[in-house]
Amino acid sequence: MYAFESMGNALKAMAEDRKIWRIPVLLMGISTALMAIIGIGDDAGMANYNPDLSWGLVIPLVLIALALRIPPFYYPTRAYKLKHLGKPIIESELLMESFIGGLKVILISIVYGLLAWFIALVLLIPAIIFYFLVPKPAAYVLAGATAIPAVLFIIGTVAMMIPAYIWSDDFSAGIDVISLAWEEKKETMLFGLVLLVAVVGLIGAAGGIMLVISWASSGLIAALLIGIIDGLLTGLANALANVSGAEMFVRISGRPMWRKKDEVEVDPDWLASL
C-alpha cells in the first residue's frame, strides 16, 4: 500500500540520513524556545512565565524567531530530493536556499490553502446536511460517517501539495495533486490516517513531556525547556509530514519526479539506428 510504504520509506530515510531533518528541527527548537523566553505563546503560559520585557528587545527577538521558522517549510523535502538524486546534502548551502524557498512556499501555500478549504467545504456538504436535517442522534452517526473519510482525504491531499511543488519546482504540481489524490482516494485517505496518527503521536509525546515540566517547575527555566521540547518535536513532525508527503506524491503520480524538467528522454531504438 502506498500510504504505509510512503511513511515507512520516510522514516527509513530520516533514520539513515539525519541531514534530511536535523537543521530544520533545530531551527524550530530555537525559534520556539525564543518565543517562550519572550513570554509569547502557550509554552510560556504553561510555565506561568510572564516577563516584563521592553518592546525594543521583544520585537527583534520575535522577528528572529519567525525568520528561523521559514527554512523548515522547504528544507526537508528538498533534502529528501537530493538524497533521491544521489547528490550530497550540504547543509549550509541548503539552509541558505531554504530561506528563499521557504518564503516562496509560504506565499504559494496561501493559494493551496484556499483550494483546500474549498475542497473541504464541498466534501463536507453531506455531513453538514445530515447534521442539520436528520434527527438526533442519527445525525451524529451519519455526519461522522461522511465527515471522517472527507477529513482524512483532505489531510492526505494537503500533505502532498507543498512537497509536490518543491519536488517538481512547478506551481501547477501542487494543484495537480488534487486530481491525483482523487484517482487514488482510498490510498490518500489511508495516508491521511497514517500521517495523522504519526503527527498526533509526536505532538502528544511533546504535550506529555511539557505537562510534566510545568508540574515540576515554573518560570524562565521551565519556559525554556517547554519551548525546546515543543519546538523539537513539532519540527520533527513537520519534517516527517513533508518527507512522507513527497514520497506519497511520487508514488501516486507514477512518474520519476526527481528527473529534471529540462532533461530530454532519448529513445534507445533511435540511438540504435544511428
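Read along the sequence, this protein goes α-α-α-α-α-α-α-α-α-α-α-α. That comes to twelve helices and zero strands. Before I go on, please keep in mind that this is a predicted model.

Some overall figures, then. The protein has 274 residues, and 42% of them count as buried. Taken along the principal axes, the C-alpha atoms fill a box of roughly 75 × 60 × 30 Å. The accessible surface is about 14600 Å², and carbon and sulfur atoms account for 71% of that. As for contacts, take those between residues at least 6 apart in sequence: 78% of them join residues at least 24 apart.

The largest nonpolar core has 61 residues. Helix H11 supplies the largest share of this core, 14 residues. Which residues have the most contacts inside the core? They are Ile20, Tyr80, Ile89, Met160, Phe191 and Phe249. In soluble globular proteins, nonpolar side chains tend to be buried together.

Setting aside neighbours within four places in sequence, Ile89 is in contact with Asp17, Lys19, Ile20, Tyr75, Ala79, Leu82 and Leu94. One of these partners, Ile20, is also on the list of residues with the most contacts inside the core.

Where does the lining come from? Helices H6 (91-123), H8 (138-168), H10 (185-216) and H11 (220-253) each supply at least two residues. Of the helices, H6 gives the most, with eight residues. By residue type, the lining divides into 20 nonpolar, five polar and one charged.

Is Leu211 buried, partly exposed or exposed? Its relative accessible area is 37%. Buried means under 20% and exposed means over 50%, with partly exposed in between, so Leu211 counts as partly exposed. Along the chain, Leu211 and Ile226 are 15 residues apart, and their C-alpha atoms are separated by 8.4 Å.

Note on methods:
Residues numbered from 1 in each chain as written. Predicted model: local features only at pLDDT ≥ 70, side-chain atom pairs only at ≥ 80, totals over all residues. Heavy atoms only, no water. Helix = DSSP H or I, 4+ residues; strand = E, 2+ residues; numbered from the N terminus. Nonpolar A, V, L, I, M, F, W, Y, C, P; charged D, E, K, R; others polar. Buried < 20%, exposed > 50% of the residue type's maximum accessible area, 1.4 Å probe, protein only. Contact = heavy atoms within 4.5 Å. Areas by Shrake-Rupley, 256 points an atom, 1.4 Å probe, with all protein chains shown as cover. Core = buried A, V, L, I, M, F, W, Y, C linked by side-chain atoms within 4.5 Å.
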